[in-house]
Amino acid sequence: MSESSQAVLPMERPPVLGRPRPPRSDAVLYLDGVSVVFDGFRALNNLSLIVEQGELRAVIGPNGAGKTTMMDVITGKTRPTEGVVQFRDIDLTRLDEAAIANLGIGRKFQKPTVFDALTVFENLELALKAPRNPWACLRWMLSGEARDRIAATLAEIGLTARAGDRAAILSHGQRQWLEIGMLLMQDPEVLLVDEPVAGMTDQETEHTAALLRRIADGRRSVVVVEHDLEFVRALGCKVTVLCEGAMLSEGSIDHVQNDPRVVEVYLGR
Amino acid sequence: MSATTLAAAPPAGRARVTLRLVLAGAILLLALLPALNRLPADAALHVSDFTIAVTGKWITYAILALSIDLAWGYAGILSLGHGAFFALGGYAIGMHLMRLIGPRGVYGHPVLPDFMVFLGWPELPWYWWGFQHFPFALLMALFVPGLLALVVGWLAFRSRITGVYLSILTQAMTYALMLAFFRNDMGFGGNNGFTDFKELLGMPLNTGNARAVLFYASLAALLGCLWLCARITASKLGRVLVAIRDAESRIRFLGYDVTQHKLFVFVLSAMMAGLAGALYVPQVGIINPGEFSPGNSIEAVVWVAVGGRGTLAGALLGAFSVNALKTWLTTVAPEFWLFVLGGIFVAVTLFLPRGLVGLLDRRGTGR
Amino acid sequence: MAARLPGSCMKHRSIGLLLLVLAVLLPGVAVSAQQQDAFAAQVAALAGGFAQQAEAVERLGASGDPRALPILRALSEGRLRKLPDGIVLEPGAEAPSEAEAIRINNRVRQALRGALGRLSIVSPDPAERLAAAEAVFRSRSAENVPLLETALAREGVPRIRAQMELALAASRLVATDESVKRAAIARLGGSGSTDARALLLEARAANPSLLLEIEAATAAIDRQLAIRRTGETLFQGLSLGSVLLLAALGLAVTFGVMGVINMAHGEFVMLGAYTTFVVQEACRGVPWLLPWSLPLSIPAAFLVAALAGAALERGLIRHLYGRPLETLLMTFGVGMILQQAVRIAFGAQNREVLSPAWMQGTITLPWIGVPVTQNRLWIIVFGLLVFALVVAAIRFTRFGLEMRAVVQNRRIAATMGIRTGRVDALTFAFGSGIAGMAGVALSQIDNVSPNLGTGYIIDSFMVVVFGGVGSLAGTLVGAFTLGVVNKVLEPWAGAVLAKVAVLVALMLFIQRRPRGLFALKGRAAEA
């Protein structure tokens, strides 16, 4: 729970002041010295990360490295115990999930969560960027343009034929696609994608990699958390390796794969 | 899949059409009742005063059930405090009816209701001002429950109090109100509440005419609420509510302010319950703090569960069927009614999670 | 056996000898022969004319002699007899046929009232002495000083002594001697009694020279009263808290630990109370067992409620795991059925459960002088004991270990060979059994009726939520906090509004700490 954040003992933490702050020229996402402590357990430990506009970034790391917690912090699900989390110049630590989403930060969950009781079409319609207050929702009429956008997304995620089906009866892979589709409908500036290809076939994985590359078209930034190194290689982007809540290494896939520290904690096993 | 989605699917295809036809037929039949009451007493189709009175009461219960269904069946807010909103609406109209008694009370005081004279109150307390005007009283019957729902809902929803915690919170709310209304110095008649009403809108109560008027007013209110609920549930708002019900934390990440949506539907639902109470009191001729008892609220929730939550027809079906059973059973075997009601609670949750409508749906779609 | 009073002829044994023996036996009561004679003379005078009688009565009254009490009492009730020769017979003794009752007139009666009132201060019955001391305190006349001094010299019971000293001080306050008054004021100031305070305020007008002392004394009384009031409120709060604790502890297990919402919890409390009643009725046949029926009820109530709980869990609740709202509705229905079943079996009216003698009465807590009823005190002790028991059971037993394992990770617990279904049933039965034990305690202070439990269920949930779901320590602190806060608010707001205020405050509290006082933190709390 976010409210449970507590003051922490400043043990085993390097002093923040002495370190050069990361440059933030074109930063869309800016994390600096972020720590999250649950009952003495450091899920994130002084993590700093910068994602530039239009950048595609892969984040890898062993289980428990803090990848999902990092996404939670950015999207407002978890409040950091300390540290700076900014979207452009906006402090994200003071906003709730909905406000952050409305700023233009979209998220796809590790375990696909779509709305089972609604149809595929309705799921996308909910995600479509539009005024979100109750009154507007009540008065909402589906315009031709909106219909076209939904149709385009349906085609993109290959679910056109299933538009009228309840999300509950989709397969796991289709749910993954639907969730990616919902992410696209939000038209966000930053997409946080947690393990998008889990449960997908090789062909689907390739398709997804291409899609993500296309999305990060210079305007949108995409952060992908993934286990599948082949997929990360296919993305062909900068890779950040997390370990025990802190950044271990950063660079191209070849660079991090040859980093002895990474080899030791992650790849070597 | 989570069990809550069991109720999600409104009946599809043929079942849906059947349901709508049945519903329309039932409402038409209801509309005929007061006319049949006017037939001579020995006519084959004559409907007794008792039937009119009881059915009129059930219609207000159906409105209450609709309001609960909107909050629970669609938005997943299981309020155990809708009885309180109902009672508050009833009290608002009750205050108007008390003011209309005027000097015809036992003590013959021109302004003060009997209980205030009895307690030796010198004048009308400020919160009774304005209740001599019917439109004001009616407005209050909607406004007061709405305001209470707004305050309680705002406190609860922004703290993300959900599920059973919210249920218990709302139950505590109605319990606290019951205790408060039992007090004489609250100025609402204490234990005895309000009764001995004389007239409403210039027509003496307890006449066939008044019964018919109130009956039709209730029916109109039911249709209005039904239309409103249908409009909401068919809109995108309805889909947002269903999404909140099934995955509240997920929809926040789509940028929906859950607190706002829940508050909207909760307040609206409370106002509907208040309206139901306002129509109920003139028909039964009494309102007392017993209406706030937590058991009443939870019983109303069970009507919805029996009928099938998440479908508007289900709420109506449940309200009418359970109350019909209650009226019948409490006359033939009163000591068994609580066993039966308790049994309904158990049976519907264990065996009929989608209620009677779910049963119909299974037959209709051959599942 | 007939007996006559001193001066009677030989065939009626004189009680003079008897009284002499009595006087010797009574420690500290050495009656000289001279006094003996004076006493006998006064008694003999009771057989005389009305004027003589009245004088004798006054003298006997002023003597403070305990022997005079039964005689004067008999006289006032028309039971005192004399022989034709004027010999007064011992009251209550078998009288010869020629004896006649001694008659009195109104003047004698009036004298008797005063004398009896004073004499009861030396009565053998401590309650009577205490009452007399209080009466003398209120009557406050300087004439009582010697009487009180005599009585005080004899008195052994501390509480009565204190009251007598107070009465003495009150009597001395109307004396003339300044220094005596000063001492009396100081004594009254130390009493902490509202009566003494009223007395002092009254004395202000008559004693302008002692105003300062009187002010100081009333201030001292006010301080003591404030302390006592606080103590009383605190005790009432703790008492309410212990009731809440008992009612909520079972819920802390079933709801807090297992996460099962059981609206029939209150009905399990009610079952416990009715078990107490049944055990009591069963014990009626065995008189020596009757005082112990309450302790016997504790295991019985635990068993009954635990069995009901196990049946409910295995039969119904288990099918609804993961569906809390349905569980809530279903268990509410079960509660309804239980209530109605008990109503039919035992009737709708209240059943009486007696308190055993050792739980009755009031004792005064040392050092703050707060009077507390024993049964409330026992319930506090019982509540704390049950709490300790629950904590110990969860922390130190194999069952507790398995329970915690299942709660933390059901699947892994199952792979470790723990039969999770059995643990669920046992845990639920355990929590329900605690509710039953709460029923035993509640039978002592609340009406045993079918809807006994409904009044407690909401409060119990509030306690568990306030304390923090899943934390037993939170339940303990929550129960006592809510209890004390409720009682602190009561004098200002009245019982009902205090309850409403607590509910509202709780809602606001949940705003600040949605997970209660003792919140679980971290990943466990996210689940």
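User: Which residue takes a positive phi in the hairpin of β1(A) and β2(A)?

Analyst: D39(A) does, with a phi near 50°, and the hairpin has two residues between its strands. The model is predicted: local features need pLDDT of at least 70, side-chain atom pairs count only at pLDDT 80 or more, totals for chains, interfaces and linings use all residues, and side-chain values use heavy atoms, with hydrogens and water left out. Residues are numbered from 1 along each chain as its sequence is written, while chains are lettered from A and ligands numbered from 1 in the order in which they are written.

User: How many bridges join β1(A) to β2(A)?

Analyst: First the terms: helices (H or I, at least four residues) and strands (E, at least two) are DSSP runs, numbered from the N terminus. Two strands pair if DSSP finds at least two bridges between them. Here β1(A) and β2(A) run antiparallel and are joined by eight bridges. One residue to look up is V37(A), whose bridge partner in β2(A) is R42(A).

User: What is the strand order of the open sheet in chain A?

Analyst: The order is β2-β1-β4-β5, four strands with antiparallel pairing. The edges are β2 (41-52) and β5 (90-91) of chain A; each has a single partner strand, so one side of each has no neighbour in the sheet. Between β1(A) and β4(A) there are five bridges, again antiparallel, and D32(A) stands opposite V84(A) in β4(A). Strand β4(A), residues 82-87, pairs with β5(A) over two bridges in the antiparallel sense. In that pair, Q86(A) is opposite D91(A).

User: Is strand β1(A) mostly covered or uncovered?

Analyst: Cover is judged by relative accessible area: buried is under 20%, exposed is over 50%, and partly exposed is in between (1.4 Å probe, protein chains only). Strand β1(A), residues 27-38, is mostly covered, with 12 of its 12 residues buried.

User: Which residues of β7(A) point one way, and which the other?

Analyst: In a regular strand the side chains alternate between the two faces of the sheet. In β7(A), V190(A), L192(A) and D194(A) point one way, and L191(A) and V193(A) point the other way. Five of the five residues of this strand, 190-194, are buried.

User: Which strands are joined to β7(A)?

Analyst: β6(A), residues 105-108, runs parallel to β7(A) and is joined to it by four bridges; K108(A) stands opposite V193(A). β8(A), residues 221-225, also runs parallel to β7(A), with five bridges; L192(A) stands opposite V223(A).

User: What unit do β7(A), α7(A) and β8(A) make?

Analyst: A crossover is right-handed if, with the strands pointing away from the viewer, the path from the first strand over the helix to the second runs clockwise. β7(A), helix α7(A) (residues 202-215) and β8(A) make a right-handed β-α-β unit.

User: Where does E195(A) lie?

Analyst: E195(A) is in the loop between β7 and α7 of chain A. Its phi is near 45°, a positive value in a residue other than glycine. E195(A) counts as buried because its relative accessible area is 10%. D187(A), in the loop between α6 (172-185) and β7 of chain A, has a positive phi of about 50° and is not a glycine either. D187(A) is partly exposed, at 22%.

User: At what angle do the axes of α7(B) and α9(B) cross?

Analyst: Two packed helices are described by the angle between their axes and the distance between the axes. Axes are lines fitted to C-alpha atoms, for helices over the stretch in contact, and angles run from 0 to 180 degrees between N-to-C directions. The axes of α7(B), residues 208-234, and α9(B), residues 258-284, come within 10 Å and cross at roughly 170°. That makes the two helices roughly antiparallel (under 35 degrees is roughly parallel, over 145 roughly antiparallel, 65 to 115 roughly perpendicular and the rest oblique). Contact means heavy atoms within 4.5 Å; the residues that make it include L214(B) and A217(B) of α7(B) and L268(B) and M272(B) of α9(B).

User: Which residues does R252(B) touch?

Analyst: Not counting residues up to four places away in sequence, R252(B) touches E97(A), A98(A), A101(A), R160(B) and V258(B). R252(B) is found in helix α8(B), residues 236-252, and is buried, with a relative accessible area of 6%.
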